[in-house]
Amino acid sequence: MKDIFDRIKESVGGPIGQYRSIAEGYLAFPKLEGELGPHMKFNGKDVLCWSLNNYIGLANHPEIRKADAEGAAKWGLAYPMGSRMMTGNTNLHVELEKRLAAFEKKEAAFLFNFGYQGIVSAIDSLVDRHDVILFDAEAHACLLDGKRLHLGKSFSFKHNDIESCEKKLKVACKIAEEQGGGVLLITEGVFGMTGALGILDQIVALKKKYKFRIMIDDAHGFGIMGPTGRGTSEHFGVMDDIDIYIGAYAKSMAIIGGFIATDKAVIDYLRYNMRSQIYAKSLPSAIVEGCLKRLEIIDSPEGDRLREKCWTVVRRLQNGFREAGFDIGPAEACVTPVRIFGGVNEGIKMAYDLRENYKIFCSIVIYPVIPPGMVIFRIIPTAAHSIEDVDYTLNAFKEIKAKLDSGYYDKQPLPDALATLVK
């Protein structure tokens with residue numbers, strides 16, 4: 001028999017952890033300091049930051065900072081103690097749920113302490129072994145982890161491929177009928193790695209032919225997508241046809257938590273069956289009060305102005321990359337993945353060059369998260385960025401691409417400074 005610790009110590013660290021020796025503290029687990037926004041400090045130097053999901057700029061909005069400070073002073077960070085079911089319920093929690101449900105035009109809503117664990121637990125609660133889950137092959141890890149808890153059958157369909165979706169849906173419906181269960185189709189409003197929108201309108205159209213329920217994870221759509229920020233379902237005009245809407249606060253609201261909105265009978269069931277909420281402490285009242293203020297701004301003329309500012313930055317950035325010949329894939333939402341073809345070592349050198357010489361900080365994604373031979377610089381434009389930030393960044397990327405095409409990075413050794421920085 002082998003000791004668990006011995007096996008872990010002998011491993012290379014896992015698919016991503018294998019790069020820890022050169023990534024720790026620099027490419028992985030970096031420390032950004034200063035006020036949250038486009039201009040922060042990294043390793044003591046000023047950088048232009050493109051790695052915060054602060055879409056409409058609420059992280060440092062003066063009204064939000066004031067509401068958060070007053071909430072913390074009023075309630076502390078402990079109140080209420082206990083889970084919602086036992087001793088953690090308050091009028092503030094109930095009020096936020098009512099407002100979120102009304103905002104998403106659903107009968108009821110239920111708060112999550114954390115978006116990730118809330119989604120996992122919601123899927124686990126919604127289906128039993130007789131039901132069948134159908135999901136997009138590129139669904140977020142939280143959706144896949146929720147699916148893994150399912151004791152029944154599940155099928156994936158090709159990413160955003162309606163023909164594959166219908167083919168698998170037909171099979172899922174047949175199996176569910178034989179087993180006396182139903183079908184839950186899970187997809188995303190916005191895919192967080194690519195910025196692609198889910199094909200919600202096409203999937204909804206299949207309801208005319210098949211009986212199933214649709215759940216969308218709209219973490220990257222809530223607050224920013226749609227004319228009034230109600231999400232990707234509003235963008236496509238299918239709010240009434242999305243059965244289960246899940247939003248996260250960590251993007252447009254710039255705070256922790258999330259929610260699920262659907263029929264009241266389903267919410268009533270989830271409140272008594274979601275293990276992640278029954279057995280976990282309730283969201284602190286200071287956070288809930290802060291979320292109420294955030295939702296108030298999102299659902300106001302100020303929210304409209306902030307969304308328009310964000311989309312101005314997004315369009316300028318994405319159009320600029322495309323006009324310069326960069327591959328950003330099907331990005332339509334804020335997430336903008338700049339795909340550059342090169343190996344892992346070249347990607348690390350480019351990231352180092354961007355951060356140290358151009359003072360641009362953005363996240364780098366490499367194999368095995370994505371296929372080998374490609375590097376993605378994941379850029380997140382927000383309402384807090386300026387057009388000057390965009391233009392500077394576009395020019396910098398043109399220069400590093402020219403270096404890559406000339407073989408410059410291939411000839412350079414890994415920077416010695418990395419070894420010093422990661423110690």
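Predicted model: local features only at pLDDT ≥ 70, side-chain atom pairs only at ≥ 80, totals over all residues.
**View 1. F103 and F222 meet edge-to-face.** A search of the whole structure turns up 13 aromatic pairs. In one of them, the ring centres of F103 and F222 are 5.9 Å apart, and because their planes stand at 85°, the pair is edge-to-face. Look where the two partners come from: F103 belongs to helix α5 (residues 91-103), while F222 sits in the loop between β8 (213-217) and α10 (232-236). The pair links distant parts of the chain, 119 residues apart. F103 is buried, with a relative accessible area of 3%, and F222 is buried too, at 0%.

**View 2. Y249 and F259 stack.** Here the ring centres lie 6.3 Å apart and the planes are at 25°, so Y249 and F259 count as a stacked pair. Y249 is found in the loop between β9 (244-248) and β10 (258-262), and F259 in strand β10, so their pairing ties together parts that are 10 residues apart in sequence. Are these two residues buried or exposed? Y249 is buried, with a relative accessible area of 0%, and F259 is also buried at 0%.

**View 3. R355 sits over the rings of F42 and F361.** Now find the charged end of R355: it sits over the ring of F42, 5.4 Å from the ring's centre. R355 also lies over the face of F361, at 4.0 Å from that ring centre.

Terms used:
Residues numbered from 1 in each chain as written. Heavy atoms only, no water. Phe/Tyr/Trp six-rings, centres within 6.5 Å; stacked < 30°, edge-to-face > 60°. Helix = DSSP H or I, 4+ residues; strand = E, 2+ residues; numbered from the N terminus. Buried < 20%, exposed > 50% of the residue type's maximum accessible area, 1.4 Å probe, protein only. Lys NZ or Arg CZ within 6 Å of the ring centre and 35° of its normal.
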